[in-house]
Amino acid sequence: MNTIHSRFWAIVPAAGVGKRMQADKPKQYLSLAGKAVLEQTLLRLLDVEQLSGIAVAISQEDPYWPELGIAGHPKVITAPGGKERADSVLSGLRSIRERADDNDWVLVHDAARPCITRSDVVLLMASLKDDAVGGILALASHDTLKQVEGRIIHGTLDRTHIWRALTPQMFRYGMLKAALEAGEGNPAITDEASALELMGYQPKIVEGRPDNIKITRPEDLALAQFYLEQQ
Ligand code: CTP
Ligand code: MG
């Protein structure tokens, strides 16, 4: 396997409807520090010059994407979105199939994580570029975690073994595509790592920054704004 000349690509799933955000448009188009959330996310990724291209999965009914100037950036490729996040990622992978090699690295990053820093992306790439499988940015859990059924505590989890999965998640093109294709329709695949885990692989974790939040609920937008100002 020729790892030395492997290139890096990014896939950005941006085809969700943002149900939990309860806004009048999908959360990736809400305004954050003067730009759409998705633009902020893509600007951060475009700052990583090692990325050969960024495939963005967009819903077919999305009227907002063509309005963004960044949609025409030479490194940005538009792919059709899918039913679930994993389908959108697979569509993004297929959109670069002519250009990407099976051994190339693919970094999948949620559109809804605009506070990603260039330094965290570079750290993930540098930490895992020689790895056989790849891995993800993750965050240790600071809270004590309870196992609960019907509001009754059944136990306390050993926190030292619990990490929260963030994005980007970095895997080799061929391996990731095969894992997502094998797991199509499986609801247990909620991120790329879980698809690889189901294939028997053991992805690694790289500790990421706590400000790499996913905008999910209305209050997250103000928090993201705060983090962007701090950075
Ligand atoms: N996503 C996607 N295609 C889908 C569903 C989600 O590309 N069919 C993307 C979202 O646009 C988002 C990322 O996957 O950038 C993470 O998903 P999530 O935070 O769950 O976003 P939504 O699905 O849009 O939000 P919700 O679950 O609240 O509806
Ligand atoms: Mg969702």
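Two strands are taken as paired if DSSP finds at least two bridges between them, and the views below, all drawn from a predicted model, begin with one such pair.

View 1. Ala57 stands opposite Ala79, a residue of β5. Strand β4, which spans residues 51–58, runs parallel to β5 and is joined to β5 by 5 bridges.

**View 2. The open sheet of 7 strands.** Read across the sheet, the strand order is β5-β4-β1-β6-β10-β7-β11, and the pairing is mixed. The edges are formed by β5 (76–80) and β11 (204–207), each of which pairs on one side only. On average, and with direction ignored, neighbouring strands of this sheet are turned by 30° against each other.

**View 3. Helices α1 and α3 against the strands.** Helix α1, made up of residues 37–46, lies across β1 (8–13) and β4, and its direction runs at about 165° to that of β4. Helix α3, made up of residues 118–128, packs on the sheet, where it touches β1, β6 (105–108), β7 (134–140), β10 (163–172) and β11. The direction of α3 makes about 130° with that of β7.

**View 4. The surroundings of ligand 1.** Ligand 1 is surrounded by 19 residues, of which Gly18, Lys19, Lys27, Ser88 and Lys214 are the closest. Backbone atoms also approach oxygen atoms of the ligand: a polar backbone atom of Ala15 is 2.9 Å from an oxygen atom of ligand 1, a backbone N or O atom of Gly16 lies 3.0 Å from an oxygen atom of ligand 1, and for a backbone N or O atom of Ala111 the corresponding distance to an oxygen atom of ligand 1 is 3.2 Å. Taken alone, ligand 1 exposes 560 Å², and the protein buries 87% of that area.

**View 5. Two backbone details, at Pro168 and Gln22.** The peptide bond that joins Thr167 and Pro168 is cis, with omega at about 5°, and Pro168 has its place in strand β10. Gln22, although not a glycine, has a positive phi of about 55°; this residue is found in the loop between β1 and β2 (31–32).

**View 6. The chain as the setting for the close-ups.** The secondary structure of the chain comes to 6 helices and 11 strands. The radius of gyration of the chain is 17 Å, close to the 17 Å given by the globule rule for 231 residues, so the chain is as compact as a globular protein of that length. Taken along the principal axes, the box filled by the C-alpha atoms of the chain is roughly 55 × 45 × 35 Å.

Definitions and conventions: Residues numbered from 1 in each chain as written. Chains lettered and ligands numbered in written order. Predicted model: local features only at pLDDT ≥ 70, side-chain atom pairs only at ≥ 80, totals over all residues. Heavy atoms only, no water. Helix = DSSP H or I, 4+ residues; strand = E, 2+ residues; numbered from the N terminus. Axes fitted to C-alpha atoms, helices over the stretch in contact; angles between N-to-C directions. Contact = heavy atoms within 4.5 Å. Near = heavy atom within 4 Å. Polar contact = N/O pair within 3.5 Å; in protein donor to acceptor, adjacent residues only side chain to side chain. Areas by Shrake-Rupley, 256 points an atom, 1.4 Å probe, with all protein chains shown as cover. Rg over C-alpha atoms; globule rule 2.2 N^0.38 Å.
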